[in-house]
Amino acid sequence: MWKDYSKSYIKNNRASNISIIAAALVATMFLSLLCSIAYNFWTYDVEQIILEEGGWQGRIVCETLGSDDLSEDNILSLVCQFANVEKAVAGGGELSPKEGTVVDVYFKNARTIYRDMPLIAAQLGLNEDSIQYNSLLLSRYFIHDPEDESPPMLLTLFVVILIIVAVSLILIIRGSFELSMNARIHQFGIFSSIGATPRQIRTCLLQETMVLSILPMLLGSILGILISYGLIKAVNFFAADVSGRHEAVFHYHPSIFAVTVFISFLTVIFSAWIPARKLSRMTPLEAIRNTGGLLLKKTKHSQILSKFFGIKGELAGNALKAQKKHLRISTLSLLLSFLGFSIMICFTTLADISTRYTYFERYQNVWDIMITLKDTEISDFDLTNQLQDIWGIQDATVYQKAKAMTFLPEGLQSDELSSLGGLEPVAGTPKVDGQFQVSAPIVVLDDTSFLDFCSQIGIKPGLDGAIVLNQIWDSINSNFRYKEYVPFVREDNQTTTLYKNNKTLEIPILSYTQEAPTLREEYDNYALVHFIPLSMWNKNLGEVFEAESDSYIRILSNGAANLTDLNSLEQEIVQLVSEQYEIESENRVQERMSNDSLIRGMVMIFGAFCVLLAIIGIANVFSNTLGFLRQRKREFARYMSIGLTPQEMRKMFCIEAFVIAGKPLLITLPLTVLFVQFAVTESCLDPMVFWSEAPVLPILIFAAAIVLFVALAYYIGGKRLLQCNLNETLQRDTLI
């Protein structure tokens, strides 16, 4: 009986079926997309970790080989004797054979690594300081150090997000099932009166749900996979020129498909079970007497709508209040989608402006090409003259950076700094024995560039001293966006004493300056930067202060820089330098294009997510509009019986559509303005700079799309409703 009834109902109620099919399809597609994207991000992260740090899980470090018992071969042999060790590989670290050895250990079951590694170390006669864990890689497999109080929780966070999304989808698509089931209250009341049990009613409804949802769930899973594949391709396209990034490869695993379908199944079942349980618990008398119509609130008046639209606004407001529970998800989805899109696109616009002002436009006349010499001392670079001979290069500077400190007596502070209260309140630097400990970074320039810098600041060129950048940020009277500087120290001191790791060295000062050399460098706000020539560094400073491992070549081209010319120049430079050194190259114009491409990609990806939220909300509007067809038919039949014309009914639909679409927009706009105002204030940007580039058009297009689709839903529902014979509805109680 129930099987025949379900087949008949499914066959004769296509409009109601479409609502359920669409809900199952959208929910499954969203879950499949989320699972697939998360899985690909996880695999990409694992690949990146393996590329940067290696795929080892545990590591044994023996800095000295004290005896033959701890030779490399013996260590490998002893480690491999452990049953859980899959393999052990020597030479994975940075130690040379004379300094010791490093053994990378791979486990069959890595979940016991934090228990096995100390046992292996004890077997080798080593303490626990000799073992290391690839904690970042292990955390990607949910393996955490039991003694770590704050382990990485990235994957755990994803699981929590997945649960929240599933619960949210249950609440969202529940409305579609509830509308379909509520339209059948009268019928199931009759069935209940002739002996149908609540369990039989629930089973019937859930069986119908699964019959209608199985195919959409499979199709939604496949659509989610295809969309995630497209997103991965889009990310690769927009981030193709980002340095230090490996290309993402789309991955998928059958277990992900199984998890997606299983979660989708649970989501759909719970979404249908909630209204089915409610319907089955109604008494036969309650169900039979229920007409399925809207419960209009006669005691509440829609003052705003009635004031602007009269009696039609009053009736539309009452209808919206009666549907308030069912439209709650639609309103929330549309609100979140529009709010998310507005804030996202405003944020990316603000980020683009900030990057352009603080990086690209600030340094556009400083560099065109940057070459990083990996693990190369500036004194080992001998191609400076060949670089200068390349046609198209206006200026080339080779430099390296080093860290140092200096003690600054209070009496050496400049008068301007003292008038601000001194170094302590400005920079937050405490005194030690009456002196301030100040950072004094060193920038080593090639001799030619240093001599040019001397001429630039108007002093006699020389290679026997340092030039000190004598400025400090006035954080009291300016912000980080528009910095103002004051002199740091008095300029009557002819020497400076630098120290590093208890080693000190006094060096002469050629001059103080408030003008830095044309390098693409951002210096610390409260540091005394020292620029020194290479010849001076080679004499004695290189023995005291440890330089950073990399050196840099800053190149400024001749004439107007365009992408074609810079690419040709970059290729020529790379061809010259890469023959002897390991390098990384950057092109200013290409860097700008890559940044713009990344921002467009981010807008596209987050915009697609917001569009998906909007689709859920709009689908819910369609579901409510078409699902309430029977109830609205009875409602408008009563209105027509008291003289309401079809034209006035259409106006009521327009008012309802206006309220449903307009409410999220009216709430979002002031929230977006407040967010923008807060973000602009926090970034210390001139508000007019942002508002002159505010993304008004994309926001208006997104808002217009929401209004258009909501209006379309009401147009379809209203057209179908007004085409029916409303007079018969007062006499019959049948489904359309």
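This is a predicted model: local features need pLDDT of at least 70, side-chain atom pairs count only at pLDDT 80 or more; totals for chains, interfaces and linings use all residues.
A charge sits over a ring if NZ of Lys or CZ of Arg is within 6 Å of the ring centre and within 35 degrees of the ring normal. Residues are numbered from 1 along each chain as its sequence is written, and side-chain values use heavy atoms, with hydrogens and water left out.

**Exercise 1. Charges over rings**

Task: Find over which rings the charged ends of Lys483 and Arg520 sit.

Solution. Take the lysine to begin with: the charged end of Lys483 is placed over the ring of Trp473, at 5.5 Å from the ring centre. Then take the arginine: the charged end of Arg520 lies over the ring of Trp367, with 4.6 Å to its centre.

**Exercise 2. The chain as a whole**

Task: Describe the chain by its secondary structure, its burial and its contacts.

Solution. Helices (DSSP runs of H or I, at least four residues) and strands (E, at least two) are numbered from the N terminus, and the chain has 25 helices and 18 strands. Buried means under 20% relative accessible area, exposed over 50%, and partly exposed in between, with a 1.4 Å probe and protein chains only; 48% of the 736 residues count as buried. Contact means heavy atoms within 4.5 Å, and of the contacts with a separation of 6 or more, 80% are between residues 24 or more positions apart.

**Exercise 3. Aromatic pairs**

Task: Classify the pair Phe341 and Phe702 and the pair Phe690 and Trp691, and say how buried their members are.

Solution. Rings of Phe, Tyr and Trp (its six-membered ring) pair if their centres lie within 6.5 Å, and planes under 30 degrees apart count as stacked, over 60 as edge-to-face and the rest as tilted. By this rule there are 15 aromatic pairs. Phe341 and Phe702 are stacked, with 4.3 Å from centre to centre and 10 degrees between the planes. This pair links distant parts of the chain, since Phe341 belongs to helix α13 (residues 324-360) and Phe702 to helix α24 (residues 696-722), 361 residues apart. Both Phe341 and Phe702 are buried. The pair of Phe690 and Trp691 is edge-to-face, because the ring centres are 5.2 Å apart and the planes stand at 75 degrees. Within this pair, Phe690 is buried, at a relative accessible area of 0%, whereas Trp691 is partly exposed, at 38%.

**Exercise 4. An open sheet and its helices**

Task: Work out the strand order of the open four-stranded sheet and identify the helices that pack on it.

Solution. Two strands pair if DSSP finds at least two bridges between them. The order of the sheet is β2-β3-β1-β4, and the pairing is antiparallel. Its edge strands, each pairing on one side only, are β2 (85-90) and β4 (131-133). On average, and with direction ignored, neighbouring strands of the sheet are turned by 25 degrees against each other. Strand β1 (residues 58-62) runs antiparallel to β4 and is joined to it by three bridges, with Arg59 opposite Gln132 in β4. For the helices, axes are lines fitted to C-alpha atoms, over the stretch in contact in the case of helices, and angles run from 0 to 180 degrees between N-to-C directions. Helix α3 (residues 72-80) packs on the sheet and touches β1, β2 and β3 (101-107), its direction making about 170 degrees with that of β2. Helix α4 (residues 113-123) also packs on the sheet, touching β1, β2, β3 and β4, and its direction makes about 160 degrees with that of β4.

**Exercise 5. Strand β7 and Leu408**

Solution. Five bridges join β7 to the antiparallel strand β9 (residues 435-439), where Gln435 is the bridge partner of Pro409. Leu408 counts as buried because its relative accessibility is 4%.
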